[in-house]
Amino acid sequence: FTTAIRDTLGSPSTAYGFWLTLPGAGVVKTILRSTVGSPDGGFSWVLVDAEHGLISDKDYYELNNAIGSEGASPIIRVPWAEEWMIKRALDSGAHGIMTPMCHSAEDAAKVVKWCKYPPTGSRGYGPMFAAHSLPRGTNYDEGADKALMVVVQIESRSGVENVEEIAKVDGLDVLFIGPFDLAKQTGVVRGGEEHEAMIQRTLKAAKAAGKKAAIFCVDGADAQKRARQGFDMVSIITDVGVLAQAMAQQLDIAKGK
Ligand code: 3PY
């Protein structure tokens, strides 16, 4: 089987997604439906943020089904790169996993191993609900290892220093830059020259190894810039970012400001 995100990444188009930090199917379905009718199909993925968002593993099943039913792929960012956390996210129907803070090829190889069934990896077996976010009739057991996306975040000094080795790890699909943590962890200015050099190095390493490159963006203009630079997957903004901005703007209009 395949997924919306894998299909989009296999085509020349950029995969546009957004950051979900709020639980509840209503929020995510409302956002996904806002792009219905968009000529290029709107969003192909949603990052379900269980690291920093208000989302916990009890929310996964509902969110995965809601996102899958709108023709997009749920990618769960687990709180940390831990085998049991990855297993619970995949068993709830995530189309992909993202782990924070990948510092080395060894870190990346562990994540791949935890995402795949034996003999390739060590994922425990129990996908009673995993196919519910996929079309009826999906042969989950047969296709899971190939179809589900393995994504690691590059957002530390050692992550960037080892990025060429990380990119070569078999079974890894995407190197995802977290620009905020990258700046904090390395002590450089976000948006400054050094920061940008680390971003470009990661992009280049991903491409050289035949992997996909992704980045978190703060708004549509930022996302457009990154897509033009060759990033395969861009997150355009967060759910709460849009809510806060739009509410403040409408209040200003109402008050004639
Ligand atoms: C970062 O920018 O550090 C991220 O992980 C995305 O929010």
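Author: Happy to. Let's begin with strand β1 (residues 15–20), which runs parallel to β2 and is joined to β2 by 4 bridges. Keep in mind that this is a predicted model.

Reader: Which residue stands opposite V46 in β2?

Author: That is F18.

Reader: And how many bridges join β2 to β3?

Author: There are 5 bridges between β2 and β3, and these strands are parallel too. L47 stands opposite I75 in β3.

Reader: How many residues of strand β2 are buried?

Author: 5 of the 5 residues in β2 (residues 45–49) are buried, so the strand is largely enclosed by the rest of the structure.

Reader: Which of them sit on which side?

Author: W45, L47 and D49 are on one side, while V46 and V48 are on the other, and both faces are covered. In a regular strand, side chains alternate between the two faces of the sheet.

Reader: Which strands does β7 pair with?

Author: β6 is joined to β7 by 4 bridges, and β7 is joined to β8 by 3 bridges. Both pairings are parallel. For landmarks, L175 stands opposite A213 in β7, and A214 stands opposite M233 in β8.

Reader: What is S235 in contact with, apart from its sequence neighbours?

Author: Leaving aside neighbours within four places in sequence, S235 is in contact with G17, F18, W19, W45, F176, I215, F216 and C217. Among them, F18 is the residue opposite V46, and W45 is one of the buried residues of β2.

Reader: Changing topic: which residues are around the ligand?

Author: They are W19, R77, Q153, E155, G178, P179, F180, D181 and F216. W19 and F216 are also in contact with S235.

Reader: How much of the ligand's accessible area does the protein cover?

Author: The protein covers 90% of the 230 Å² that the ligand has on its own.

Reader: Now the helices. Which residues of α4 are buried?

Author: In α4 (residues 83–91), the buried ones are M85, I86, A89, L90 and D91. They pack against α3 (57–69), β3 (73–77), β4 (96–99), α5 (105–115) and α6 (140–147). Just after α4, G93 takes a positive phi of about 105°.

Reader: Which residue has a positive phi although it is not a glycine?

Author: M101, with a phi of about 50°. Most residues other than glycine have a negative phi. M101 is in the loop between β4 and α5, and is buried with a relative accessible area of 12%.

Reader: Where is the cis peptide bond?

Author: Between P118 and P119, with omega about 10°. P119 lies in the loop between α5 and α6.

Reader: Last topic: which residues touch the most other members of the largest nonpolar core?

Author: V28 and L172, in a core of 59 residues. A second, separate core has 15 residues, including I5, W19, M98 and M149.

Reader: And what does V169 touch?

Author: Beyond residues up to four places away in sequence, V169 touches A105, A108, A109, V112 and K211. V169 is in the loop between α8 (163–167) and β6 (174–177), and is buried with a relative accessible area of 11%.

Technical notes:
Residues numbered from 1 in each chain as written. Predicted model: local features only at pLDDT ≥ 70, side-chain atom pairs only at ≥ 80, totals over all residues. Heavy atoms only, no water. Buried < 20%, exposed > 50% of the residue type's maximum accessible area, 1.4 Å probe, protein only. Helix = DSSP H or I, 4+ residues; strand = E, 2+ residues; numbered from the N terminus. Contact = heavy atoms within 4.5 Å. Core = buried A, V, L, I, M, F, W, Y, C linked by side-chain atoms within 4.5 Å. Near = heavy atom within 4 Å. Areas by Shrake-Rupley, 256 points an atom, 1.4 Å probe, with all protein chains shown as cover. Pairing = 2+ DSSP bridges.
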